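Here are some notes to go with the model you asked me to look over.

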Amino acid sequence: NADRNKVYRHSTNLSMAPGSTERLVETTLAAARDELVRGLGGLLDQAVPVKTSPGDRIPDGAVIVGTRDSSSAVRQYTSADDLAPVGDDGYLIRSFSRGTQRFTVIAGNTEAGALYGTFAFLRRLQTHKPITRLDISESPRVKNRHLNNWETVRLYAGNNASGTGGLSGENGTIFNFAATGASAGRNLPVILDRYIVVARAMASVGINGITINLVNADNVYLTAQYIAQEAALADALRPYGIKIALSINYTAPTDPRFAPDTLTNEQLDPHGDEFRGWWNRRARMLRDSIPDFTGFTVKANSEGQPGPQDFGDDHGDGANAIAAAVAPLGMKIYWRTFVYNADVDEDRLKRAYLEFGYIDDERRPDGTRGRFLDNVFLQTKNGPLDFQAREPVHPMFGRMENTNQALELQVTQEYTGQDEMLCYLAPMWEEVLKTDTYATDERGRLLGKRLMGHIVDGTAQRHSDTAIVGVANLGNADNVTGHHFSQANLFAFGRQSWDWTLDSADIAADWVRMTWSNREHVVGTIVKMMMGSWEALVSYQTPLGIAHQFRSSDHYGPNPAERLARDDWSPVYYNKADSVGLGYDRSPTGSDFTAQYFPTLEARYGNIGTVPENLLMWFHHVSWDHRMRSGRIFWDELVYRYQMGVQYVTWMRLTWDSLQPSLDARRFSEVKAKLAIHEADAGDWRDTCVNYWKEFSGRDNPVDDGPLS
Ligand code: GCU
């Protein structure tokens, strides 16, 4: 809870801010050293001496960190062969004893690898795992582990110019770019403490990139004034192994703010030199100020954003044009597939694959398939709709075998309780990443490795460049994420994008030990609360696969009766409530969306007898009397699920109270206050939805399942 607005003296002369007190670290090994000094000092409660070179006789208890280039001790105790398998970001941690001296070596091929190893070592210590006889070799399964930082203002809701509410509740925007106003003097290039806090948090779980602005991008981020500010931010993040990128608007070249370097609409031809030349010039400007700038995230022809289709071109033309323009600079394009043009199909869920699939299938002149260039990632949300608490996996994963695909997850809890509800998302991501896609090869044979995680980490279809992207929950609250427990989602996102095979309960246990306490009953109790929290939220918000039922004003509370100008934004479009039942028929008797999956899933989802019940209404219009596996009829089961979800929150509230003696007073009471709101709002979801469904089912609450309010 240090002063998050404390300013740093920046290493360049851009920001000799008045009142600067501290210097920023300038190298990754310096960051690793500082983490050890701070971490070991705090955990062991004693000062930790630092030596830049250990000399011939390594002191007993020493921790040596570095690369083979930076450290003779690392050279002496690790070989190039030992280190080769861990790649660019991986690390070795090894215990040695020489006579009476015992010491630990943390080594990477790169300084970033050494930093990740340092954090992993500290994590072991902090979670009370053994730190002797270590022989650890770790490397990430996915190369690009990025955040997308959407500034927290809700643009489409139009109600949050102040940055309060919406995507992250009270938790306002993290990076200050504005040149004037209340925060003047605290704007980039001035570096605030909270940027460093966040950089350390990201690095501690291996996150190595961040797109700093909203996907509905403002061109101001491409102006010279902003680029200077972004360069300062990039300098501050670099020692932590974090590189920056920007979201861009496809028609930025026509923005008069770039005059005289502006194009006309006619010049926005993706095959023409003008369009490509413009993006190359902008990218070079960025590269000149930010040598490791990674590239652009693009939301095109989606939710009113312009794109190549406005000019008669397709996503392949548009993505490849910008990709070709920036390829010589080593940059990449993350082209989002969150598109749902209503002209393409009546069922919103079918639209993205219809717009992208054929481009992946096209033959290149050399006979290989796939039109997208190698420096294009298609960035696809985990499910086919929009970050709902439970969705089936997006059918494009596995279907786009000739294109690099990035998985996009939402860490910020837009649809999962924002910063009011305790909802640990790692079990959802684990469910997603371990879903069997039943992907086949071109001859129809099942792939050996075909879980979502294998598709994403490239092993299923032999992709060497891989990415997972998380929509960030960073803000300027003291605790960064608004709800203390939302920090667990950032932590888990990093850990799972590093290694998607991890168990979400193990990640929760690490987080609880590092955040709250190592006492066994506290760890056991909080992990239990967390592990059921997502399923409970699914249950009281959208049970049994009933999709999007959120009120449009804030995506927090329910409004199942809402009918908006666009069908596919309306809860009624998804629930299709009528006297027969509830849910959207996407089986072959309905929209046949199921045909976009590989055959095994197509058959499983398309049949009401075999579809998993937790996805039931994503695929079927279910009659009120349908017999469920529990033996209850659908109506009774539905009401029961709403009630169970709310009861779980009551249980969490009471359980949290029981932990009071073991927790610090301030954070205990902050979470307690949130749980009270959470319980009331979960009850509102249940009551609003059940009461509305009653109008269609003509039935009352089942009598056996206890009182409903
Ligand atoms: C959601 C969200 C929007 C966001 C969009 C996207 O619809 O509510 O604010 O822009 O996702 O992913 O682009």
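Predicted model: local features only at pLDDT ≥ 70, side-chain atom pairs only at ≥ 80, totals over all residues.

1. Residues are numbered from 1 along each chain as its sequence is written, and side-chain values use heavy atoms, with hydrogens and water left out.

2. The chain holds 19 helices and 17 strands, taken as DSSP runs numbered from the N terminus (helices H or I, at least four residues; strands E, at least two). Its radius of gyration is 26 Å, close to the 27 Å from the globule rule for 709 residues, so the chain is as compact as a globular protein of that length. That radius is taken over C-alpha atoms, and the rule is 2.2 Å times the number of residues to the power 0.38.

3. Of the 709 residues, 60% are buried, meaning under 20% relative accessible area with a 1.4 Å probe, protein chains only.

4. A barrel is closed by eight strands with parallel pairing, in the order β7-β9-β10-β11-β12-β13-β14-β15. Strands pair if DSSP finds at least two bridges between them. Strand β9 (residues 209–211) is joined to β10 by three bridges, and Thr211 sits opposite Ala245 in β10.

5. Helix α7 (residues 273–289) has 17 residues and reaches 24 Å from first to last C-alpha, close to the 24 Å expected at 1.5 Å a residue; the expected span is 1.5 Å times one less than the number of residues. Its buried residues include Trp278, Trp279 and Arg282.

Definitions and conventions. Buried < 20%, exposed > 50% of the residue type's maximum accessible area, 1.4 Å probe, protein only.
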